[in-house]
Amino acid sequence: MDKIYQCPLPYPPLEVSRPNSAWVPLLKNLYAGRKSELGAITQYCYQSMVLSRARNEISEALRGIAIVEMRHFEMLGRLILLCGGTPDFAGEKSRQWWSGSLVNYRKDLCGALLASLADEVAAVDAYLKAASQISDQKIRQVLRRIAMDESHHAQLLREMITQCRCPSQEK
């Protein structure tokens with residue numbers, strides 16, 4: 001791959017100071033909630049496939065981002081286990097099972113990129129908010145590091161949007 005789809009800093013070790021089920025709901029929502037890593041993976045895979053005819057280099061970049069999101073998904077699943085939870089595919093707050101209906105199925109290049117950009121910006125906020133609500137420093141470090149990747153993805157998407165001359169709708 002020509003581009004790097006994750007921040008160059010290493011990930012902290014996947015450890016917890018002690019198991020604490022109080023952190024499971026926050027982690028599960030990042031893992032498989034309405035706006036989650038599971039959703040990001042499926043959305044980027046879908047976009048990569050449907051946009052491959054329009055712009056192959058964009059399709060490859062979206063696939064690269066999906067692979068990084070898979071790494072986040074695995075890290076969150078392991079943290080959930082370490083905290084005493086089960087990494088099933090449901091957000092903890094509502095116990096709503098994750099569904100493919102949560103994916104944005106835009107097929108137009110600009111619409112897909114703009115939707116993904118909005119999701120990445122929201123993901124940065126979600127990770128930083130979760131980190132501020134968890135007192136375990138080891139978990140906080142992982143969440144902040146993942147937020148750095150999400151910020152990097154947002155920057156990559158901004159570059160793609162500019163390259164494709166999409167009208168910006170970001171706030």
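**Close-up views of a predicted model**

**View 1. Arg 165 in the segment after H5.** Arg 165 is exposed, with a relative accessible area of 75% (exposed means over 50%, buried under 20% and partly exposed in between, with a 1.4 Å probe and protein chains only). Arg 165 lies in the segment after H5, and its phi is positive, about 60°, although the residue is not a glycine. This is a predicted model, in which local features need pLDDT of at least 70, side-chain atom pairs count only at pLDDT 80 or more, and totals for chains, interfaces and linings use all residues. Residues are numbered from 1 along each chain as its sequence is written, and side-chain values use heavy atoms, with hydrogens and water left out.

**View 2. Helix H3 packed with helix H5.** Helix H3 (residues 56–82) and helix H5 (residues 137–163) pack at an angle of about 170°, with their axes 11 Å apart (helices are DSSP runs of H or I with at least four residues, numbered from the N terminus; axes are lines fitted to C-alpha atoms over the stretch in contact, and angles run from 0 to 180 degrees between N-to-C directions). H3 and H5 are therefore roughly antiparallel to each other (angles over 145 degrees count as roughly antiparallel, under 35 as roughly parallel, 65 to 115 as roughly perpendicular and the rest as oblique).

**View 3. Helix H3 packed with helix H4.** H3 and helix H4 (residues 109–133) pack at an angle of about 25°, with their axes 13 Å apart, and H3 and H4 are therefore roughly parallel to each other. Among the residues that make the contact are Ile 58 and Leu 62 of H3 and Leu 109 and Tyr 127 of H4 (contact means heavy atoms within 4.5 Å).

Notes. Helices (H or I, at least four residues) and strands (E, at least two) are DSSP runs, numbered from the N terminus.
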